[in-house]
Amino acid sequence: MSNPLLSEWKTQFTTPPFSTIENNHFLPAIKKSIADSEKEIEAIKANKSEANFENTVEALEGSGKMLSRVSSVFFNLHSAESNDELRNLAQEISPILTQHGNDILLDEKLFEKVKYVHDHTNLENLSDEQQMLLDKTYKGFVRNGALLSNTDKKTLREIDEELSKIKLDFGNHILAETQQYEKHITDEQLLAGIPEYALTAAAEEAKNKKKEGWVFTLDFPSYSAVMKYSENRELRKEIYTAFNSKAFKADKLDNRKIVLEIARLRNQRAKLLGYPSHAKLILEERMAKSPEKVKTFLSDLLEKAKPVAEIEMNRLKKFAFKEGADFEIQSYDSSFYSEKLKQSLFNVDDEVLKPYFKLENVLDGAFETADLLYGITFTERFDIDKYHDEVKTFEVKDREGKHLAVFYADFFPRSGKRGGAWMTSFSDQYVSDGKDHRPQISIVCNFNRPSKTTPSLLTFNEVTTLFHEFGHALHGMLSRTLYASLSGTHVYWDFVELPSQIMENWCFEKENLDRFAKHYKTGKLIPVKLIDGIKNSANFMEASATMRQLSFGLLDMAWHAEEKDSTFKEVTELEEKAIDSTRLLPKIEGTNVSCQFSHIFQGGYSSGYYSYKWAEVLDADAFEYFKEKGIFNPDVASKFQKLLESGGTVEPMKLYKLFRGKEPDVKALLKRAGILNGK
Ligand SMILES: [Zn+2]
């Protein structure tokens with residue numbers, strides 16, 4: 001029987017033929033396409049002519065197309081429509097792919113050719129995009145140790161293996177801590193304030209555990225409901241402490257040793273590759289470029305945000321006092337009182353807003369925003385094969401009516417879908433043999449489902465999430481590059497959130513909301529009062545929130561920008577030194593950030609946490625340009641379109657300046673966050 005993953009896709013727009021793909025097709029398809037990719041690479045190596053850009057770098061870029069097609073189908077399904085079988089397969093497939101990737105990067109003969117091209121090509125003969133590809137390819141090898149002696153290469157492999165092992169332990173400890181904790185409550189009186197939805201979930205959890213009453217856990221929805229709404233201060237304190245002391249209890253799940261070891265190994269690894277610190281190595285391929293620049297960025301923001309955050313905190317304390325709090329406000333009180341204060345100030349309850357944000361209307365609003373900005377149109381198609389009935393498919397056309405992309409939208413939670421929202425692609429845009437392969441882009445969310453009687457009504461947070469993911473999708477769909485590895489969202493890490501975050505701004509503009517924020521029953525436009533409420537509440541306690549983000553960014557730099565190995569000897573001491581200046585409330589005994597800072601110790605955010613704020617600076621500054629000229633101004637829009645189309649083919653700072661005419665300025669963000677005018 002033939003394997004549809006390996007045959008030619010004769011579908012409309014050559015989209016994946018989901019309905020014919022079965023789980024048992026994946027492993028053989030991956031293995032076969034790896035073998036194909038190896039053959040392609042062998043051919044590059046066997047080429048007897050002098051190595052040049054086309055026969056080496058471009059040929060390498062063009063290899064493995066089948067593999068990336070198969071693996072993107074696999075991993076997209078693994079995230080959006082998974083089951084035990086796929087999860088087990090992933091355990092098998094992931095190491096094979098890692099091995100294949102390493103085989104390429106460790107191939108000495110292949111690197112010899114790449115290096116020859118790198119050292120001998122006259123850059124004037126290459127376009128900017130080609131120079132980018134050459135640089136990226138060469139650095140990919142070098143940053144993986146290609147220039148090292150054999151002994152050092154061996155050490156590098158050992159460090160990498162050790163790191164991947166202990167990073168796994170790090171995550172497992174946190175998971176175990178999260179899973180083993182429960183707060184079982186049988187007395188309803190202890191639950192005052194906690195909203196119905198959270199109580200239902202807690203009762204459900206109790207039932208699953210065959211217990212009476214309610215069970216609260218350290219999963220985020222359960223935790224945050226207690227922190228925000230529980231009137232029971234003891235309960236808040238207990239759960240706050242449990243949540244923030246994960247993997248910091250001097251038992252077998254303690255992460256302190258691992259944290260120190262990860263920091264040391266990363267430092268050692270960077271030095272081996274010729275960099276003074278891990279941050280220096282990482283930031284070389286970021287818009288920020290150097291640890292010094294990141295540190296200055298963070299400390300400047302800190303200096304500006306702190307006085308405003310202190311004012312916010314004092315106001316909160318006064319409010320709490322009026323509400324009868326006859327004690328010093330602690331960290332486990334702040335969410336509770338700020339939620340109350342927010343309600344009293346703005347009264348923009350989700351339940352009041354939701355009727356104005358019917359999913360279909362919001363989606364149309366996003367499409368129209370894109371049409372007004374970039375002249376692109378979306379037509380729903382019913383003849384495109386999809387992996388689940390609920391997925392919607394659209395054909396996207398450009399201003400001239402030419403096919404631009406296929407767009408998938410998968411909105412509702414299902415048991416096989418992971419949490420959160422994300423944009424992904426089944427195929428990225430690229431050109432080969434003069435043919436422009438248009439991309440297949442998807443967004444996946446977990447929004448409120450429609451019920452029998454009501455359509456899906458989004459919270460305002462879900463509205464901005466939709467626009468955010470749609471912004472990533474536009475980056476992918478509008479792409480006009482030659483090479484897939486430089487197309488769409490394949491840009492530097494601290495630049496990738498600009499296209500997504502900037503789209504969120506259009507959700508706050510009356511001019512735009514008036515197009516789609518209509519009551520689902522009456523068709524009435526959203527009242528101005530509510531729009532004001534949305535805007536003001538978005539900035540509520542923003543300086544305090546900024547301080548929290550800054551504390552994470554500074555802590556990340558403390559662990560990764562230090563050059564001396566001897567710095568990493570005591571977790572608490574290093575942490576206190578790094579974040580003490582960001583504290584607005586006293587530290588709670590027994591808590592620790594580093595031991596559960598998965599973003600930087602397990603995920604890929606090491607030396608990159610600052611990018612959240614960095615991207616906000618970019619999007620605020622970029623949107624200010626739109627605000628100055630009009631949020632649908634065609635000139636500004638067309639400049640921004642150019643930025644989106646360019647993907648990773650141009651250095652982001654250069655690209656940004658082409659759009660804006662100057663470097664980004666932090667002022668726009670401070671103004672938007674209400675920090676600049678000392679509000
Ligand atoms: Zn994003």
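Biologist: Is M541 buried or exposed, and what is its relative accessible area?

Modeller: M541 lies in the loop between α20 (528–538) and α21 (542–560); helices here are DSSP runs of H or I with at least four residues, strands are runs of E with at least two, and both are numbered from the N terminus. Buried means under 20% relative accessible area, exposed over 50%, and partly exposed in between, with a 1.4 Å probe and protein chains only. M541 therefore counts as buried, with a relative accessible area of 10%.

Biologist: What kind of model is this, and what is left out of its side-chain values?

Modeller: The model is predicted, so local features need pLDDT of at least 70 and side-chain atom pairs count only at pLDDT 80 or more, whereas totals for chains, interfaces and linings use all residues. Residues are numbered from 1 along each chain as its sequence is written, and the side-chain values rest on heavy atoms, leaving out hydrogens and water.

Biologist: Which residues have the most contacts inside the largest nonpolar core?

Modeller: A nonpolar core is a set of buried Ala, Val, Leu, Ile, Met, Phe, Trp, Tyr and Cys residues joined through side-chain atoms within 4.5 Å. In soluble globular proteins, nonpolar side chains tend to be buried together. The largest core here holds 98 residues, and those with the most contacts inside it are F357 and F407.

Biologist: Which residues are in contact with F357, leaving aside its neighbours within four places in sequence?

Modeller: Contact means heavy atoms within 4.5 Å. With the sequence neighbours set aside, the residues in contact with F357 are V362, S456, L457, L458, F460, V463, L513, F516, A517, I526 and I534.

Biologist: How many bridges join strand β6 to β9?

Modeller: All 5 residues of β9 (residues 440–444) are buried; Q440, S442 and V444 point one way, and I441 and I443 the other. Two strands pair if DSSP finds at least two bridges between them. Strand β5 (residues 403–410) runs parallel to β9, joined by 5 bridges, and Q440 of β9 is the bridge partner of V406. Strand β6 (residues 422–427) runs antiparallel to β9, and the number of bridges joining them is 5.

Biologist: Which cysteine holds the sulfur closest to that of C507, and how far away is it?

Modeller: A disulfide is a pair of cysteine sulfur atoms within 2.5 Å, and by this rule the count is 0. C507 is buried, at 0% relative accessibility. Its sulfur is too far from the closest cysteine sulfur for a bond: that sulfur is in C445, at 13 Å.

Biologist: Which protein atoms are the donors of the zinc ion, and at what distances?

Modeller: Donors are N, O and S atoms within 2.8 Å of the metal (3.2 Å for Na, K and Ca), and sites may look incomplete because water is not among the atoms. The donors of the zinc ion are H468 (NE2), H472 (NE2), E497 (OE) and E497 (OE), at 2.1 to 2.8 Å.

Biologist: Which parts does the pair H468 and E497 tie together, and how many residues apart are they in sequence?

Modeller: The donor residues follow the spacing H-x3-H-x24-E. H468 lies in helix α17 (residues 460–477) and E497 in the loop between α17 and α18 (498–504), so the pair ties together parts separated in sequence by 29 residues.

Biologist: What arrangement do the 4 donor atoms around the zinc ion form?

Modeller: Four donors count as tetrahedral if all angles lie between 85 and 135 degrees; four count as square planar and six as octahedral if opposite donors are over 155 degrees apart and all others between 65 and 115; anything else is irregular. The 4 donor atoms around the zinc ion subtend angles of 51 to 139°, so the arrangement is irregular.
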